[in-house]
Amino acid sequence: MNSFQFLFTFRLKGLQEKCDKCGIHVHEGTSCDRPTGQHYWAANDDPWVKGMGAYYNVLMFGESTGEFVMNDGYAVSEHRRRTVTIHAQDGTRIACGVLRPRERDC
């Protein structure tokens with residue numbers, strides 16, 4: 001991977017019972033208490049779209065886990081404190097979180 005590629009992993013619970021290729025994106029915002037803004041990218045084209053792999057699927061129990069390689073033009077460290085938005089099948093925002101460094105097990 002180059003310096004702008006990273007592995008985006010997720011584990012989601014409490015979702016709709018079924019969702020096929022629903023959106024999961026990093027946005028330019030830094031808080032879920034206000035609008036999260038546009039997708040966060042500095043590449044030529046917006047990579048936070050389904051065609052680039054930025055989606056999740058729910059097969060059962062309202063849960064989804066997955067990963068995809070992303071290159072949005074920013075280094076991993078530049079994603080800290082950016083918002084992640086989870087979308088329903090119809091595109092509405094159903095969840096939001098703020099990225100933080102992973103806590104390591106001791």
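Mentor: With -75° about the S-S bond, the link of Cys32 and Cys96 is left-handed. Keep in mind that this is a predicted model.

Trainee: What makes the pair Cys32 and Cys96 a disulfide?
Mentor: The sulfur atoms are 2.0 Å apart. The cut-off is within 2.5 Å. Therefore Cys32 and Cys96 count as a disulfide.

Trainee: Which parts of the chain does the pair tie together?
Mentor: Cys32 lies in the loop between β2 (19–27) and β3 (55–58). Cys96 sits in strand β6, residues 93–98. So the pair ties together parts that are 64 residues apart in sequence.

Trainee: Are Cys32 and Cys96 buried or exposed, or in between?
Mentor: In between. Cys32 has a relative accessible area of 25%, and Cys96 has 27%. Buried needs under 20%, and exposed needs over 50%. Therefore Cys32 is partly exposed, and Cys96 is partly exposed too.

Trainee: How do you know that Cys19 and Cys22 are joined?
Mentor: By the same cut-off, within 2.5 Å. Their S to S distance is 1.6 Å, so the pair is a disulfide by that rule.

Trainee: Why is the disulfide of Cys19 and Cys22 called left-handed?
Mentor: The torsion about its S-S bond is about -90°, so the disulfide is left-handed.

Trainee: What makes Cys19 and Cys22 buried?
Mentor: Cys19 has a relative accessible area of 2%. Cys22 has 1%. The limit is under 20%, so Cys19 counts as buried and so does Cys22.

Trainee: How many disulfides does the rule give, and what is their pattern?
Mentor: Two disulfides. The pattern is 1-2, 3-4, with bonded cysteines counted along the chain.

Trainee: What makes up the fold?
Mentor: Six strands and zero helices. Along the sequence the pattern reads β-β-β-β-β-β.

Trainee: How do you know that the radius of gyration agrees with a compact globule?
Mentor: A compact globule of 106 residues would have a value near 13 Å. The protein chain has 14 Å, which agrees. Its C-alpha trace spans about 40 × 35 × 30 Å along the principal axes.

Trainee: What share of the 106 residues counts as buried?
Mentor: 33%. The accessible surface comes to about 7200 Å², with 48% of it belonging to carbon and sulfur atoms.

Trainee: What share of the contacts joins residues at least 24 apart?
Mentor: Take contacts between residues at least 6 apart in sequence. Of these, 70% join residues at least 24 apart.

Trainee: Which residues make the nonpolar surface patch?
Mentor: Leu59, Met60 and Phe61. The patch is about 400 Å². Leu59 is found in the loop between β3 and β4 (64–71), and Phe61 is in that loop as well.

Trainee: Why are Leu59 and Phe61 called exposed?
Mentor: Exposed means over 50%. Leu59 has a relative accessible area of 72%, and Phe61 has 61%. So Leu59 is exposed, and Phe61 is exposed.

Trainee: What is the phi of Phe61 and of Arg81?
Mentor: Phi of Phe61 is near 65°. Phi of Arg81 is near 70°. Both are positive values in residues other than glycine. Most residues other than glycine have a negative phi.

Trainee: Where is Arg81, and why is it called exposed?
Mentor: Arg81 is in the loop between β4 and β5 (83–87). Its relative accessibility is 56%. The cut-off is over 50%, so Arg81 counts as exposed.

Trainee: What makes Phe6 buried?
Mentor: Its relative accessibility is 9%. That is under 20%, so Phe6 counts as buried. Phe6 is in strand β1, residues 5–12. Phe6 and Thr30 are 24 residues apart in sequence and 20 Å apart in space, C-alpha to C-alpha.

Trainee: Why is Lys50 called partly exposed?
Mentor: Its relative accessibility is 45%. Buried would need under 20% and exposed over 50%, so Lys50 is partly exposed. Lys50 is found in the loop between β2 and β3.

Trainee: Which residues is Lys50 in contact with?
Mentor: Leaving aside neighbours within four places in sequence, Lys21 and Tyr55. The C-alpha atoms of Lys50 and Phe68 are separated by 11 Å.

Conventions
Residues are numbered from 1 along each chain as its sequence is written. This is a predicted model: local features need pLDDT of at least 70, side-chain atom pairs count only at pLDDT 80 or more; totals for chains, interfaces and linings use all residues. Side-chain values use heavy atoms; hydrogens and water are left out. Buried means under 20% relative accessible area, exposed over 50%, partly exposed in between (1.4 Å probe, protein chains only). Helices (H or I, at least four residues) and strands (E, at least two) are DSSP runs, numbered from the N terminus. Patches are made of residues with over 30% relative accessible area and no salt bridge: like charges are joined within 9 Å, nonpolar side chains (Val, Leu, Ile, Met, Phe, Trp, Tyr) within 5 Å. Accessible areas come from the Shrake-Rupley method with a 1.4 Å probe; for residues, only the protein chains shown count as cover. A salt bridge is a side-chain nitrogen of Lys or Arg within 4 Å of a carboxyl oxygen of Asp or Glu. The radius of gyration is taken over C-alpha atoms; the globule rule is 2.2 Å times the number of residues to the power 0.38. Contact means heavy atoms within 4.5 Å.
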